[in-house]
Each structure stands twice: as structure tokens, then as C-alpha cells.
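Please open the structure in the viewer and keep the selection panel at hand.

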Amino acid sequence: NSQTEMLRRKLEISIRGNNVQEPILSFGSCNLPQKLLQNLEAAGYEMPTPVQMQTIPSALAGQSMLVSAETGSGKTCSFLVPIVSYCAKLKHNLQKPLAMVLTPTRELCIQVEEQAKLLGKGLPFKTALVVGGDAMAGQVYRIQQGVSMIVGTPGRLIDLLIKHDFELDTISIFVLDEVDCMIERGFREQVMQIFQALSQPQVLMYSATVSKEVERVASSMVKDLTVISVGRPNK
Ligand code: ADP
Ligand code: MG
């Protein structure tokens, strides 16, 4: 409706795709677990940022999408809030991972995991980091103990998946953070290989820039891709 359109214009949100949820104006308005709301508040997140306003309800509704918004706009929480919420609501299923997040670097993976721990505090939510620089055995052991979310770099994840025959069919949410950067660094093949090992997950892709190349990769994974741009993505 026109009110939604006005709000989107004000938030500088543009959308290509159908049936996209209305933006939320507060974290409290999308049925998140109470504990997650408390964790958001404790983190000092009083209000969602524009990218979170639009993409959290869409991600919660199961939509796959490519989102571009500038660095610092709050993209990490845009995918972590839906993931933590999803995992917390399926609390019986802590044995197998439900979400997988790929980022281009070890440092970014560590940052994402830190945020995830903050948001998932006190909830049935456990993470595993799969990056280079640490012994693989420890990472394997942790996953075998049961985790909700795996965060890793494409290279190390492929190593791990080839050497250990993990069952990945429980992964329902697949996130590519800084997907533009991953493609620039030549991870495209590895990302596709990991994607093909999954069973039709929801795919959430985040980028600081808008590019045809990124859109091509995204479209190869998702039929009728929804493309959301917020603010003025980096050049
Ligand atoms: P991006 O991935 O888009 O570059 P980040 O997710 O790293 O951005 O977020 C940038 C900063 O904003 C981080 O320090 C994060 O803690 C903070 N932040 C994210 N969401 C909110 C919010 N809703 N309210 C206040 N600060 C936030
Ligand atoms: Mg980011």
C-alpha cells in the first residue's frame, strides 16, 4: 500500500521482487523470542537500522534475497536475528546445524560469531567456527557435539566437508556475508560447491556494493531472486 511505499522511500529502500514483507519499526513487532529481545536491548540496540527494518521480517518469512547496503549499516544483525530466532524456536533440534554463514575472512567470521553469541545468550543456540589458523580437529569435535550455526570461510569449510562426511541436509538458512568480496577473492566455485551440498536452503546474501556479477551468482542459486537495496551502497 502507499503507506508502506512512503516508509520505504523515507528509509531509502528499493526492492525488485514480489510479496516482500512490510518493514518493521521495532524489534518487538515480529514475534521474536523474549530472550532475544532482551539480548538486543542489553546490546544497546534500541531500534532496528533501515536494512534490519526491511530484511528481518522478510528473512523470518523464509524469503531468499540479495541485500545491498553500505558498510556499517547493520547487515550482521539482519541475518543473525532471524537465525537466532529460528534456532531458538526449534530448540529440540540442537544435534544438527540449522544455519551456515560464509564470510570471506577469518576475522569477519570471528566478528559474526561474537555477535551471534551476544544475541543467542541464554537461548538454545550454539555456534561453531570453521576457519583456518586453528586445528581442524577441534572444529570437527565441536560440530559433532551439536551446534545450531556454523560460521566459516569457504576454503576451510570445503576442506572440512570433504574430509568429514557431515550431514548438511538440516541446514535451512545459508548466508553469504560480503558476497561481493567473496566473489572478488575468487571463492565463487567454492561457494557454489557448498551450496550444492545443501538441500534447498533459504539463501540470504549481503553485499556493500551493487554489481551485475554478484546478481548473476545470486540468481544462479535462487529462482525469482528478490533484490533489496538500502541507502546508498558503496561504490
Ligand atoms: P555492516 O555489516 O553492514 O557493515 P555491522 O553489522 O557490522 O554493519 O554493524 C555496524 C555496527 O552497528 C556494529 O558495531 C553493530 O554493533 C552496530 N549495530 C547494528 N545494529 C544496530 C542497531 N539496531 N542499533 C545500534 N547499533 C547497531
Ligand atoms: Mg558486514
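In which strand does T127 lie? Select T127: this residue lies in strand β4. The model on display is a predicted one, and the tour should be read with that in mind.

**Stop 1**

Keep T127 selected and display the side chain. T127 has a relative accessible area of 3%, and because buried means under 20%, T127 counts as buried. The side chains of T127 and E113 make a polar contact, at 2.8 Å.

Now extend the selection to the whole of β4, residues 127–130. Where in the sheet does β4 stand? Strand β4 is an edge strand and pairs on one side only.

**Stop 2: the neighbouring strand β5**

Select β5, residues 149–152. Strands β4 and β5 run parallel and are joined by 4 bridges. Two pairs of residues can be picked out here: T127 stands opposite M149, and L129 has V151 as its bridge partner.

Display the side chains of β5. Which residues of β5 point one way, and which the other way? M149 and V151 point one way, while I150 and G152 point the other way. In a regular strand, side chains alternate between the two faces of the sheet. These four residues of β5 are all buried.

Select A99, which stands opposite M149.

**Stop 3: the whole sheet**

Select every strand of the sheet. How many strands form the sheet, and in what order? The open sheet is formed by 8 strands, in the order β1-β8-β2-β7-β6-β3-β5-β4, and the pairing is mixed. Its edge strands are β1 and β4, each of which pairs on one side only. From one strand to the next, the twist averages 15 degrees.

**Stop 4: ligand 1**

Select ligand 1 and show the residues around it. Which residues are the closest to ligand 1? Of the 14 residues that surround ligand 1, the closest are Y45, M47, Q52, G72 and T76. The shell divides into 4 nonpolar, 8 polar and 2 charged residues.

- G72: a backbone N or O atom lies 2.6 Å from an oxygen atom of ligand 1.
- S73: a polar backbone atom is 3.2 Å from an oxygen atom of ligand 1.
- Q115: a polar side-chain atom lies 3.3 Å from an oxygen atom of ligand 1.

On its own, ligand 1 has 560 Å² of accessible area, and the protein covers 67% of that area.

**Stop 5**

Most residues other than glycine have a negative phi.

Select N19, in the loop between β1 (13–16) and α2 (34–42). The phi of N19 is near 55 degrees. Is N19 buried or exposed? N19 counts as exposed because its relative accessibility is 70%.

Finally, select E178, in the loop between β6 (173–176) and α8 (179–184). E178 is not a glycine, and its phi is positive, at about 50 degrees. With a relative accessible area of 31%, E178 is partly exposed.

Technical notes: Residues are numbered from 1 along each chain as its sequence is written. Chains are lettered from A and ligands numbered from 1 in the order in which they are written. This is a predicted model: local features need pLDDT of at least 70, side-chain atom pairs count only at pLDDT 80 or more; totals for chains, interfaces and linings use all residues. Side-chain values use heavy atoms; hydrogens and water are left out. Buried means under 20% relative accessible area, exposed over 50%, partly exposed in between (1.4 Å probe, protein chains only). A residue is near a molecule or strand if one of its heavy atoms lies within 4 Å of it. A polar contact is a pair of N or O atoms within 3.5 Å; within protein, one must be able to donate a hydrogen and the other to accept it, and residues adjacent in sequence count only if both atoms are side-chain atoms. Accessible areas come from the Shrake-Rupley method with a 1.4 Å probe; for residues, only the protein chains shown count as cover. Ala, Val, Leu, Ile, Met, Phe, Trp, Tyr, Cys and Pro count as nonpolar, Asp, Glu, Lys and Arg as charged, and the others, Gly among them, as polar. Two strands pair if DSSP finds at least two bridges between them. Axes are lines fitted to C-alpha atoms, for helices over the stretch in contact, and angles run from 0 to 180 degrees between N-to-C directions.
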